[in-house]
Amino acid sequence: MLTKGSIPVTWNEEWKTFDWKETLMTNEIPKDDIWDTPATRKKLELEEMYAKMNISSECTKHYMSIRPPLTEGLKVVLDTYKTVDHNYNFLKLTAGHNLIKHYDSYATFIKFNNIPEKDHDNIKRTIVMMTDWSFGQMFQVENSIETHWKVGTTYTWQGEAWHGLGNFGFDDCVVMQVTWL
């Protein structure tokens with residue numbers, strides 16, 4: 001189930017200065033650093049599924065900025081999560097690229113927070129839209145399709161909900177991802 005909300009915008013476009021790392025959905029698990037966790041195994045299963053479907057790596061290209069230093073305006077976003085285990089990062093999807101249908105395995109969150117397997121289904125993901133919606137951008141979680149968002153719009157789901165983000169427009173789509181238990 002998808003929950004929609006909004007938070008007051010207390011930041012500018014600080015994300016433009018972040019260090020962005022190019023990432024491909026079809027090849028996210030480093031071959032020389034495979035963590036033996038249920039979450040990592042699920043991610044590898046998704047990568048195998050994409051390979052069988054001949055999904056082009058190029059079309060899944062996106063950019064990640066993992067835990068960049070936050071300005072005071074962006075730190076406000078994390079106030080809600082002060083009392084729970086959480087992690088954050090930023091994702092940028094450029095024109096012509098997609099995060100194809102997938103579910104999050106939360107492998108990094110699980111590994112670095114030592115989350116026991118019995119709690120994996122209780123992990124939640126909230127995304128905060130850092131850019132206003134622009135023509136050609138669409139976000140879907142299960143059967144909920146979202147467009148026309150504003151900066152500060154939030155979307156939250158729990159567990160392994162299937163979702164994706166598409167950008168067939170001309171403008172970047174930037175989101176802050178907060179993973180929490």
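Asparagine 122 touches Gln158, Trp180 and Leu181, leaving out residues up to four places away in sequence. The model is predicted. It holds 1 cavity of 30 Å³ or more and 0 disulfides.

**The loop between α3 and β6**

- Asparagine 122 sits in the loop between α3 and β6.
- Its relative accessibility is 38%, so asparagine 122 counts as partly exposed.
- Asparagine 122 and leucine 181 are 59 residues apart in sequence, yet their C-alpha atoms are 6.3 Å apart in space.
- Leu181 is also one of the residues that asparagine 122 touches.
- Histidine 120 is found in the loop between α3 and β6 (124-129) as well.
- Histidine 120 is buried, because its relative accessible area of 12% falls under the 20% cut-off.
- Not counting residues up to four places away in sequence, histidine 120 touches Ile110 and Ile115.

**The largest cavity**

- Rolling a probe the size of a water molecule over the atoms shows where empty space is left.
- The largest cavity has a volume of about 50 Å³.
- Its lining is made up of 10 residues.
- Lys42, Ser105, Tyr106, His120 and Glu160 are the ones that lie nearest the centre of this cavity.
- By class, the lining has 3 nonpolar, 3 polar and 4 charged residues.

- Tryptophan 162 is found in the loop between β9 and β10.
- Tryptophan 162 is partly exposed, with a relative accessible area of 29%.
- Leaving aside neighbours within four places in sequence, tryptophan 162 is in contact with Leu46, Met49, Lys101, His102, Tyr103, Gln140, Val141 and Glu142.
- Tryptophan 162 and asparagine 143 are 19 residues apart in sequence and 9.0 Å apart in space, C-alpha to C-alpha.
- Glutamate 142 lies in the loop between β7 and β8 (144-146).
- The phi angle of glutamate 142 is near 50°, a positive value in a residue other than glycine.
- Glutamate 142 is partly exposed, at 39% relative accessible area.

- Aspartate 104 is found in the loop between β5 and α3 (107-113).
- Its relative accessible area is 11%, so aspartate 104 counts as buried.
- The side chains of aspartate 104 and histidine 102 are joined by a polar contact of 3.5 Å.
- A polar contact of 3.2 Å joins the side chains of aspartate 104 and histidine 163.
- Leaving aside neighbours within four places in sequence, aspartate 104 is in contact with Arg125, Trp157, Gly159, Glu160 and His163.

**Histidine 148**

- Histidine 148 is found in the loop between β8 and β9 (153-158).
- Phi of histidine 148 is near 60°, a positive value in a residue other than glycine.
- Histidine 148 is exposed, because its relative accessible area of 56% is over the 50% cut-off.

**Cysteines**

- A disulfide is a covalent bond between the sulfur atoms of two cysteines.
- The structure holds 0 disulfides.
- Cysteine 59 is in no disulfide, because the nearest cysteine sulfur, that of cysteine 173, is 16 Å away and a disulfide needs the two sulfur atoms within 2.5 Å.
- Cysteine 173 is in no disulfide either; the nearest cysteine sulfur to it is that of cysteine 59, 16 Å away.
- Cysteine 59 is partly exposed, with a relative accessible area of 25%.
- Cysteine 173 counts as buried, at 1% relative accessibility.

Methods. Residues numbered from 1 in each chain as written. Predicted model: local features only at pLDDT ≥ 70, side-chain atom pairs only at ≥ 80, totals over all residues. Heavy atoms only, no water. 1 Å grid on protein atoms, 1.4 Å probe; cavity = no way out; pocket = protein on both sides within 12 Å on 5 of 7 lines; lining within 4 Å. Points joined across faces, edges and corners; volume = space filled by probe spheres on them. Nonpolar A, V, L, I, M, F, W, Y, C, P; charged D, E, K, R; others polar. Buried < 20%, exposed > 50% of the residue type's maximum accessible area, 1.4 Å probe, protein only. Helix = DSSP H or I, 4+ residues; strand = E, 2+ residues; numbered from the N terminus. Polar contact = N/O pair within 3.5 Å; in protein donor to acceptor, adjacent residues only side chain to side chain. Contact = heavy atoms within 4.5 Å.
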